[in-house]
Amino acid sequence: GVVVLGKTNMSVYANYASHSTSSAGGTTKNAYSTYLSPGGSSGGSAVAVSLNLAVAGLGTDTGSSLRLPAVLNGCYSMRVTHGSISRSGITTLAASKDVPGAITRSPADLALMLDVMSADTNYYENLDANALEGAKFAVIKQLSGPTSQGVDNYRRTEKNVDDEVEAAFQNAIAEL
C-alpha cells in the first residue's frame with residue numbers, strides 16, 4: 001500500500017561500499033559535501049533521504065551497504081536479523097548475508113519502516129527515549145578531523161572539511 005516515489009542511484013551490482021556509481025545514474029554525491037563519499041551501495045537512497053526528497057529509502061545490506069551510506073549522509077539505518085524481512089524480489093549479492101532494510105532521518109521513522117517491512121517485530125513499540133541514559137561516549141580524535149589517509153578524493157583534508165559540518169559535529173560532542 002506504499003507509494004514509491006522513485007528509484008535512486010546505486011553502485012553496479014551493489015558491489016562498492018565506498019561509492020554509488022553506475023552507468024545509468026553516474027556518480028552519487030554526498031549530501032553534505034561533494035568532496036566526500038556518499039557510501040554505497042545504497043548511497044542514492046541515503047542522499048535522497050538526507051536531502052528530504054523522501055521520508056525513507058530502501059536498500060539491501062551485505063556488508064554495510066545500508067549502514068555506511070546512512071552514517072555518511074546523516075541518516076539512520078540498522079542491519080536486521082537475517083530472515084526477519086522477506087527478500088522476495090531482491091537480487092542478492094550474497095544470499096547468505098543480504099538483508100533488506102530502510103534508511104530514514106530519525107530512529108522513530110526507521111522503527112516504523114522496519115515494522116511495516118517485517119511481519120513479527122515491534123521496533124516502534126520497543127523504542128525507549130531513555131535507553132542511553134548513563135551511557136558513556138568516546139570520540140576518537142584521530143578519526144574525527146582532517147587526515148591525509150584515504151583513497152583519491154575520499155580523504156578528509158583541511159580543504160574538504162566543511163566548517164558548518166565540523167561545527168555541527170563539535171556541537172553534537174558537547175551535547176552528548
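Is N52 buried or exposed? Hold that for a moment and set up the view.

**Before you start**

This is a predicted model, where local features need pLDDT of at least 70, side-chain atom pairs count only at pLDDT 80 or more, and totals for chains, interfaces and linings use all residues. Residues are numbered from 1 along each chain as its sequence is written, and side-chain values use heavy atoms, with hydrogens and water left out.

Colour by pLDDT, the predictor's confidence in each residue, from 0 to 100. The chain averages 85, and 86% of the residues score at least 70. Confidence is highest in β4, at 95. It is lowest in strand β1 (residues 21-22), at a mean of 78. Helices (H or I, at least four residues) and strands (E, at least two) are DSSP runs, numbered from the N terminus.

**Stop 1: N52**

Select N52. It sits in the loop between α1 and β3. N52 counts as exposed because its relative accessibility is 53%. The cut-offs are these: buried means under 20% relative accessible area, exposed over 50%, partly exposed in between (1.4 Å probe, protein chains only). Look at the backbone too. N52 is not a glycine, yet its phi is positive, about 65 degrees.

**Stop 2: helix α1**

Step back to α1, which N52 follows. Select residues 43-50. Eight of the eight residues in this helix are buried. They are G43, G44, S45, A46, V47, A48, V49 and S50. What do they pack against? Show β3 (56-61), α2 (67-72) and β4 (99-104) to see the partners.

**Stop 3: S45**

Stay in α1 and pick S45. S45 is buried because its relative accessible area is 8%. Now show its contacts (heavy atoms within 4.5 Å). Leaving aside neighbours within four places in sequence, S45 meets T8, N9, G57, L58 and I103.

**Stop 4: V49**

Move along the helix to V49. At 1% relative accessibility, V49 is buried too. Which residues does V49 touch, not counting those up to four places away in sequence? Display A54, V55, A56, G57, C75, I103, T104 and R105. Then draw a distance from the C-alpha atom of V49 to that of A31. The two residues are 18 apart along the chain, and these atoms are separated by 9.3 Å.

**Stop 5: S41**

Go to the loop between β2 (26-27) and α1, and select S41. With a relative accessible area of 1%, S41 is buried. Check the peptide bond joining G40 and S41: it is cis, with omega about 0 degrees. Next, show the side chains of S41 and S65. They make a polar contact at 3.5 Å. Such a contact is a pair of N or O atoms within 3.5 Å; within protein, one must be able to donate a hydrogen and the other to accept it, and residues adjacent in sequence count only if both atoms are side-chain atoms.

**Stop 6: L127**

Finish at L127, in the loop between α3 (107-117) and α4 (163-175). Why is L127 called partly exposed? Its relative accessible area is 43%.
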